[in-house]
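Subject: Structure for your review

Dear colleague,

Please find below the structure that I am handing over to you. My notes on what was found in it follow directly after it.

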Amino acid sequence: MESALRAQFHLEVDHRKISVAQTSEPQAPKARETPEPPARVLVERLPTPSGPRILFLRHQVETERDQGVRVSVSLGWEGSQYVGEATGADLSRSRLETVAKAALAAIEEILSEVEVTHRKAGVSLALDGVKVVEALDRNYVLVGVNAIHEREITVLAGASAVEDTADRAVILATLQATDRWVRGRL
């Protein structure tokens, strides 16, 4: 559909922001055989959260003496920098969960500032899990997050291909999981 609109009408559209419906007009009595008119395509733009996006700036990982790891994730929002930190065991799965928890802590810092400034109700983000999966000859990181707001729990999920490091993919997947839900509250 996206390529048909581009070819026929020279329209650039995002396939995630359109819906397609087919309509038919009432038919007049047939006096003679005429070809049927082509079906109409209606393009409707779906509302998207507005405002700035949370940006990943950098992260730092420090190995501690007791086989632990301390992770610091820096995120940017509206020109300010927010840092989240977490500590955990320096084991492969635990390390990835620690990275995700640090990213969630930075996101919660942004949300807490919005809550104070705009007097909005509290939001809590809890990590559900992190998993590295192999698909299509690549490794992907899947992150599950529970967003808790006014006694309502929303399950969020994000994915990112592992290109540089698994740590970076975890941060990007965490941001993908929370982006739309969080921006709806900023």
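R168 is partly exposed, because its relative accessibility is 33% and that class lies between buried (under 20% relative accessible area) and exposed (over 50%), computed with a 1.4 Å probe and with protein chains only as cover. The side chain of R168 meets that of D164 in a salt bridge, with 3.4 Å from N to O; the term stands for a side-chain nitrogen of Lys or Arg within 4 Å of a carboxyl oxygen of Asp or Glu. D164, at 60% relative accessibility, counts as exposed. Salt bridges with shared partners also join D90, R95 and D167 into one network.

Please note that this is a predicted model, in which local features need pLDDT of at least 70 and side-chain atom pairs count only at pLDDT 80 or more, while totals for chains, interfaces and linings use all residues. Residues are numbered from 1 along each chain as its sequence is written, and side-chain values use heavy atoms, with hydrogens and water left out.

Further salt bridges

The structure holds 6 salt bridges. One of them links E97 and R93, at 3.4 Å from N to O. Both residues belong to helix α2 (residues 92-118) and are 4 residues apart, about one turn of the helix. Here and below, helices (H or I, at least four residues) and strands (E, at least two) are DSSP runs numbered from the N terminus. E97 is partly exposed at 22% relative accessibility, whereas R93 is exposed at 56%.

Another salt bridge is formed by E64 and R70, whose closest N and O atoms are 3.0 Å apart. E64 has a relative accessible area of 27% and is therefore partly exposed; R70 is partly exposed as well, at 35%.

The sheet of β8, β9 and β10

In what order do the 3 strands of the open sheet stand? The order is β8-β9-β10, and the pairing is antiparallel; two strands are taken to pair if DSSP finds at least two bridges between them. Strands of a sheet pair through backbone hydrogen bonds, either parallel or antiparallel. β8 (123-135) and β10 (152-161) stand at the edges with a single partner strand each, so one side of each has no neighbour in the sheet. Neighbouring strands of this sheet are turned by 20° against each other on average, direction ignored. For such angles, axes are lines fitted to C-alpha atoms, for helices over the stretch in contact, and the values run from 0 to 180 degrees between N-to-C directions.

Strand β9 (residues 138-149) is joined to β10 by 10 bridges, and the two run antiparallel. I148 stands opposite I153 in β10. Helix α3 (residues 166-183) lies across β8, β9 and β10 and runs at about 140° to β10; contact means heavy atoms within 4.5 Å.

I153 counts as exposed, because its relative accessibility is 57%.

The loop between β8 and β9

Which residues deserve a separate look for their backbone angles? L136 is found in the loop between β8 and β9, and its phi is near 55°, a positive value in a residue other than glycine. D137 lies in that loop too, with phi near 60°, again positive in a residue other than glycine. Most residues other than glycine have a negative phi. L136 is exposed, with a relative accessible area of 74%, and D137 is exposed at 77%.

The chain as a whole

The protein chain contains 3 helices and 10 strands, which follow the pattern α-β-β-β-β-β-β-β-α-β-β-β-α along the sequence. Of its 186 residues, 31% count as buried. Among contacts with a separation of 6 or more, 42% are between residues 24 or more positions apart. The chain exposes about 12600 Å², of which carbon and sulfur atoms supply 48%; accessible areas come from the Shrake-Rupley method with a 1.4 Å probe, and for residues only the protein chains shown count as cover.

Yours sincerely
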